[in-house]
Protein chains: 2
Amino acid sequence: MVAPQAWSRIPEPVVRRLPKYLSLVQQWRAEGAEWILSADLAKALGLTGSTVRQDLSHLKVTGTARRGYRTAELERVLARVLGADRTWKVVIVGAGNLGRALAQHGDLHRHGFKICAIFDVDPAVIGRKVGDLRVRPFSELDEVVAAEKVKLAIAAVPGAAAQEVADHLVAAGIKGILNLAYANVLVRPGVAVVNARLLESLQELVFLVGAQAEQRRKRR
Amino acid sequence: MVAPQAWSRIPEPVVRRLPKYLSLVQQWRAEGAEWILSADLAKALGLTGSTVRQDLSHLKVTGTARRGYRTAELERVLARVLGADRTWKVVIVGAGNLGRALAQHGDLHRHGFKICAIFDVDPAVIGRKVGDLRVRPFSELDEVVAAEKVKLAIAAVPGAAAQEVADHLVAAGIKGILNLAYANVLVRPGVAVVNARLLESLQELVFLVGAQAEQRRKRR
């Protein structure tokens with residue numbers, strides 16, 4: 001049994017790549033591949049083979065030079081560290097367009113994330129149906145988190161409310177927050193925050209489009 | 001006039017942090033700050049001051065040791081490289097829950113991203129109202145992209161359709177794709193892809209929650 005150790009020491013860029021490895025490995029295993037070469041993972045993800053081997057060595061998975069990694073083992077280890085081998089309960093705060101869309105997002109359900117409640121403060125929205133759920137008043141957050149032992153929350157609220165909502169979530173016992181708001185959220189040590197902002201991703205994209213246009217001009 | 005140069009050489013993790021700097025600088029400027037210290041940016045983003053100074057030096061912005069960066073200049077340079085100083089037309093492909101939510105996402109509109117069309121292939125969805133838009137048949141993509149000179153697209157389609165949609169977008173003249181699907185998309189050099197997958201962000205969060213639980217165990 002190969003046990004990943006000292007997760008907390010794995011650098012952030014590596015952590016961010018792990019879900020991408022998992023997605024590829026799952027796909028290739030479904031297609032019947034028994035072994036996976038670091039070179040193939042590298043090619044599919046636009047990395048170098050040495051980056052891939054270094055990344056995976058953090059999980060104490062090692063391949064052989066000739067055949068690479070055993071697909072089943074790689075998938076098992078990645079699934080374990082990313083929690084993809086069990087079900088996670090998640091609450092969503094904010095039943096706007098984005099919150100409602102995520103509550104019904106098939107990708108999350110299919111990969112073990114069970115949205116068990118969606119909350120809002122707006123009386124006009126509370127009680128409204130979202131898939132199989134009904135929007136609950138935010139005041140019921142503590143009760144739901146405690147009763148269902150929820151560890152994860154998605155905050156899909158306006159930027160101005162993000163910090164207050166995060167504070168409530170932490171006080172209720174949430175250990176990890178996916179923050180979708182365009183505002184920085186600070187939490188006490190021991191709670192994890194991942195920011196996933198489509199606006200920032202679009203700005204990153206604009207930057208890359210500019211960088212590529214610049215390269216084209218230089219080549220001329 | 002300080003001009004950012006050689007954008008294409010700026011490392012990816014730095015690029016990914018630039019929108020976060022912009023968001024903070026905008027916020028602090030709105031609050032009246034004339035100068036910003038790298039130490040304050042570092043603290044707000046959980047970085048070291050030296051990382052902040054290195055990151056910003058890529059944009060040829062330099063601060064003074066005592067007062068830091070001039071807020072207005074820093075905002076102007078960041079806004080320029082991230083395209084936040086102009087309006088960008090964006091098409092969305094996929095009028096499912098997520099595509100429709102993004103078409104109406106206030107954060108994008110407020111920050112210069114104008115969704116000018118949303119497409120789908122499903123006859124049951126085509127013609128449906130989404131905010132001020134109506135869902136158009138995907139077959140009209142080329143026409144819209146050419147007529148409106150659109151450079152950016154958001155692909156909010158199922159994983160199985162992601163590559164085909166990306167190929168269509170590139171053929172239509174799109175230069176940057178924000179891919180929301182849980183599938184890797186390959187495009188020819190000269191086109192940029194940014195993946196923004198909420199599933200991956202949730203998996204990253206699960207990893208961090210696990211890492212922090214591990215740290216707590218060790219401290220005991």
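The model is predicted, so local features need pLDDT of at least 70 and side-chain atom pairs count only at pLDDT 80 or more, while totals for chains, interfaces and linings use all residues. Residues are numbered from 1 along each chain as its sequence is written, chains are lettered from A in the order in which they are written, and side-chain values use heavy atoms, with hydrogens and water left out.

Select chain B and chain A together: 68 residues of chain B are in contact with 68 residues of chain A, contact being heavy atoms within 4.5 Å. The area buried between them is about 6,500 Å², with carbon and sulfur atoms giving 68%; buried area is the accessible area (1.4 Å probe) that two parts lose on being put together, summed over both.

Next, select B:Glu200 and A:Lys20, which form a salt bridge with the closest N and O atoms 2.8 Å apart. The term asks for a side-chain nitrogen of Lys or Arg within 4 Å of a carboxyl oxygen of Asp or Glu, and the count between chain B and chain A is two.

Now move to A:Thr71 in chain A, where this residue counts as buried because its relative accessibility is 1%, buried meaning under 20% relative accessible area (1.4 Å probe, protein chains only). Show its neighbours as well: not counting residues up to four places away in sequence, A:Thr71 touches A:Val25, A:Arg29, A:Ala33, A:Glu34, A:Trp35 and A:Ile36. Finally, look at the backbone nitrogen of A:Trp35, which lies 3.2 Å from a polar atom of the side chain of A:Thr71.

Notes: Buried means under 20% relative accessible area, exposed over 50%, partly exposed in between (1.4 Å probe, protein chains only). A polar contact is a pair of N or O atoms within 3.5 Å; within protein, one must be able to donate a hydrogen and the other to accept it, and residues adjacent in sequence count only if both atoms are side-chain atoms.
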